[in-house]
Every structure is written in C-alpha cells, then in structure tokens.
Amino acid sequence: MQLSGQLASADFEELAKGFVLVKVDLTDRSEGNPNRPIAAQYGVRGIPDIRILSAEGKEIATPAATKSEIMAAMKKVLGK
C-alpha cells in the first residue's frame with residue numbers, strides 16, 4: 001500500500017514491513033457499504049482510525065493519531 005501524508009517516511013516504511021497494511025474505505029456512509037460491518041466490529045467511530053490486529057483479527061493495539069505514537073505501538077508489537 002502506498003502511504004501518503006503524515007505516515008510517509010523511510011523509517012515508517014521500514015517498520016511497516018512487519019505488518020500487513022489494510023485500508024478499509026468508510027467514506028461511503030450508506031447502508032450498502034460492505035465495509036460497515038468491519039467498522040462496527042472494531043468500534044470505529046470516525047476516520048481516520050488506525051488499529052493493530054493480530055493475524056486472527058484480535059485488536060492488540062489502538063495507537064493514537066500522531067506518527068510517533070503509531071510507530072511506538074508498532075515497535076512494541078514487534079518487540080523492538
């Protein structure tokens with residue numbers, strides 16, 4: 001996934017190699033959006049929303065919105 005904006009940097013890109021990045025489009029607020037159940041499952045109330053999930057889909061970290069907080073959560077999950 002091509003990153004842009006706040007997270008686009010070499011240090012984040014390197015750290016992100018340890019994860020599978022998934023983008024769920026919630027900009028369509030209609031009832032017909034097939035991504036709505038995913039948002040409901042994880043309690044997403046607004047966008048953007050970043051979650052770190054295990055391979056089984058269990059939430060293991062919900063980092064805050066700053067790049068440093070997101071990267072700190074990622075490092076913790078990776079044991080770095």
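The protein exposes about 5,900 Å², and carbon and sulfur atoms supply 54% of that area. Please keep in mind while reading that this is a predicted model. Buried residues make up 25% of the 80 residues in the protein.

## Overall layout

Let us start with the elements. The protein has three helices and two strands, and from the N terminus on they run α-α-β-β-α. Among contacts between residues at least 6 apart in sequence, 34% join residues at least 24 apart.

Helix 3 covers residues 67-78, which makes 12 residues. From its first C-alpha to its last it reaches 16 Å, close to the 16 Å expected at 1.5 Å a residue. Seen down the axis of helix 3, its buried residues fall within an arc of 160°, so they line one face of the helix. Which residues are these? In helix 3, the buried ones are Lys-67, Ile-70, Met-71, Ala-73 and Met-74.

What do the buried residues of helix 3 pack against? Their partners are helix 1 (10-16), strand 1 (52-53) and strand 2 (59-61). After helix 3 comes Gly-79, which has a positive phi, near 70°.

## The nonpolar core

The largest nonpolar core has 10 residues. Its members are Phe-12, Leu-15, Ala-16, Phe-19, Ile-52, Ala-61, Ile-70, Met-71, Ala-73 and Met-74. Helix 1 and helix 3 each supply at least two residues of this core. Which helix gives the largest share of the core? That is helix 3, with four residues.

Met-71 sits in helix 3. Is Met-71 buried or exposed? Its relative accessible area is 8%, under the 20% cut-off, so Met-71 counts as buried. Setting aside residues up to four places away in sequence, Met-71 touches Asp-11, Phe-12 and Leu-15. Met-71 and Leu-15 are 56 residues apart in sequence, yet their C-alpha atoms are 7.7 Å apart in space.

Asp-11 belongs to helix 1. With a relative accessibility of 43%, Asp-11 counts as partly exposed. Its contacts, leaving aside neighbours within four places in sequence, are Lys-67 and Met-71.

Here are some C-alpha separations to check in your viewer:

| Residue pair | Separation along the chain | C-alpha to C-alpha distance |
|---|---|---|
| Asp-11 and Met-71 | 60 residues | 9.1 Å |
| Met-71 and Leu-15 | 56 residues | 7.7 Å |
| Ile-47 and Asp-25 | 22 residues | 9.3 Å |

Ser-9 lies in the segment before helix 1. At 18% relative accessibility, Ser-9 counts as buried. Which atom does the side chain of Ser-9 reach at 3.3 Å? It is the backbone nitrogen of Phe-12, and Phe-12 is also a member of the largest nonpolar core. The side chain of Ser-9 also makes a polar contact of 2.4 Å with the side chain of Lys-67. Lys-67 in turn is one of the buried residues of helix 3 and is in contact with Asp-11.

## A cis peptide bond in the loop

Our last stop is a backbone feature. Ile-47 and Pro-48 are joined by a cis peptide bond, with omega about 5°. Where is Pro-48 placed? Pro-48 is in the loop between helix 2 (36-42) and strand 1, and Ile-47 has its place in the loop between helix 2 and strand 1 too.

Ile-47 is partly exposed, with a relative accessible area of 42%. Not counting residues up to four places away in sequence, Ile-47 touches Leu-26, Thr-27 and Arg-29.

Technical notes:
Residues numbered from 1 in each chain as written. Heavy atoms only, no water. Expected span 1.5 Å × (residues − 1). Buried < 20%, exposed > 50% of the residue type's maximum accessible area, 1.4 Å probe, protein only. Arc of directions from axis to C-beta. Contact = heavy atoms within 4.5 Å. Core = buried A, V, L, I, M, F, W, Y, C linked by side-chain atoms within 4.5 Å. Areas by Shrake-Rupley, 256 points an atom, 1.4 Å probe, with all protein chains shown as cover. Polar contact = N/O pair within 3.5 Å; in protein donor to acceptor, adjacent residues only side chain to side chain.
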